[in-house]
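Please open the model in your viewer and keep the sequence panel beside it. The tour below goes from one selection to the next and says what can be found at each stop.

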Amino acid sequence: MLAILYFLPLLLSSAAIAITYKTLLDPYFGLSAGLGIPALAQDWLGDTTLVWYVLVFIIAWQFIPFHTLIYQGGVRQIPRQLYEAAEIDGAGRVSQFFHITLPQLKYTIITSSTLMAIGALTYFDIIFVLTGGGPGVATRILPLDMYLTGFRGNEMGVASCLAVILVVFGLLLAMGIQRLGGTDATSSQLEGGV
């Protein structure tokens, strides 16, 4: 039952999550009014500082289960024999983590980091539904700016240029993460190659 609750955000639509949180965070009709807790009656989406904390919380709440699945799959692929050999050699839990688990999760970390970085660059739906780029232009990120410029401002050329910048920056970022992780594709993760 707890697993279902934990992975529920992964199954929900980002727009539905944004609408739900927008309703819950309303200072007059949301959670604060329903529970009668005055400390929650803040303008969460109208304050330029608080809105970023809210966005980071919501996005983390939605995607932590996904990255947990990725890491859980990576950990399950590590052969138990490596840990048994380390225990025979007298390695403790901390030593096993830094010398076995972390090196074996190298490709999992690269994959997860790339997905997070590219996802952060292309994130649109929750910010669009929740804040629309506001308050003011506090949450107007590049994908949202591209949409507003192209479809609301009717400047498709500028929006296309923003899209190209976004793709090039995302490609460079993904290549940088790959380079940080090393490029030796011939080493085997199961053989302990790092």
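Begin by selecting T131, which sits in the loop between helix 8 (125–130) and helix 9 (142–152); helices here are DSSP runs of H or I with at least four residues, numbered from the N terminus. This is a predicted model, in which local features need pLDDT of at least 70 and side-chain atom pairs count only at pLDDT 80 or more, while totals for chains, interfaces and linings use all residues. Residues are numbered from 1 along each chain as its sequence is written, and side-chain values use heavy atoms, with hydrogens and water left out.

Is T131 buried or exposed? T131 counts as buried because its relative accessibility is 17%, where buried means under 20% relative accessible area, exposed over 50% and partly exposed in between, with a 1.4 Å probe and protein chains only. If you leave aside the neighbours within four places in sequence, T131 is in contact with L45, V51, I126 and T139, contact meaning heavy atoms within 4.5 Å.

Stay in the loop between helix 8 and helix 9 and select P135, which also has its place there. The peptide bond that joins G134 and P135 is cis, with omega about 0°. Now move to the loop between helix 9 and helix 10, where N154 lies. N154 is not a glycine, yet has a positive phi of about 55°. Most residues other than glycine have a negative phi, and most peptide bonds are trans. N154 counts as exposed because its relative accessibility is 64%.

Next select F169, in helix 10 (residues 156–181). With 46% relative accessibility, F169 counts as partly exposed.

For the next stop, show helix 1 (residues 2–11) together with helix 4, whose axes come within 7 Å and cross at roughly 110°; axes are lines fitted to C-alpha atoms, for helices over the stretch in contact, and angles run from 0 to 180 degrees between N-to-C directions. The two helices are therefore roughly perpendicular to each other, a term for angles of 65 to 115 degrees. Helix 1 makes the contact through Y6, F7, P9 and L10, and helix 4 through W61, Q62, I64, P65, F66, T68 and L69. By class, the residues of this contact are 9 nonpolar, 2 polar and no charged.

Finish with the pockets, each an open set of points on a 1 Å grid over the protein atoms alone, where a 1.4 Å probe fits, with protein on both sides within 12 Å along at least five of seven lines; lining residues have an atom within 4 Å of a point. The largest pocket holds about 340 Å³ of space. Its lining has 14 residues, and I59, F63, M116, G119 and A120 are the closest to its centre. Helix 4 (50–76) and helix 7 (106–122) each supply at least two residues of this lining, and helix 4 gives the most, with 7 residues.

The second largest pocket has about 190 Å³ of space. To display its lining, select Y21, L24, L25, D26, L31, S32, L40, W44, V54, F57 and I58. Here too helix 4 provides the largest share, 3 residues.

Notes: Points joined across faces, edges and corners; volume = space filled by probe spheres on them. Parallel < 35°, antiparallel > 145°, perpendicular 65-115°, else oblique. Nonpolar A, V, L, I, M, F, W, Y, C, P; charged D, E, K, R; others polar.
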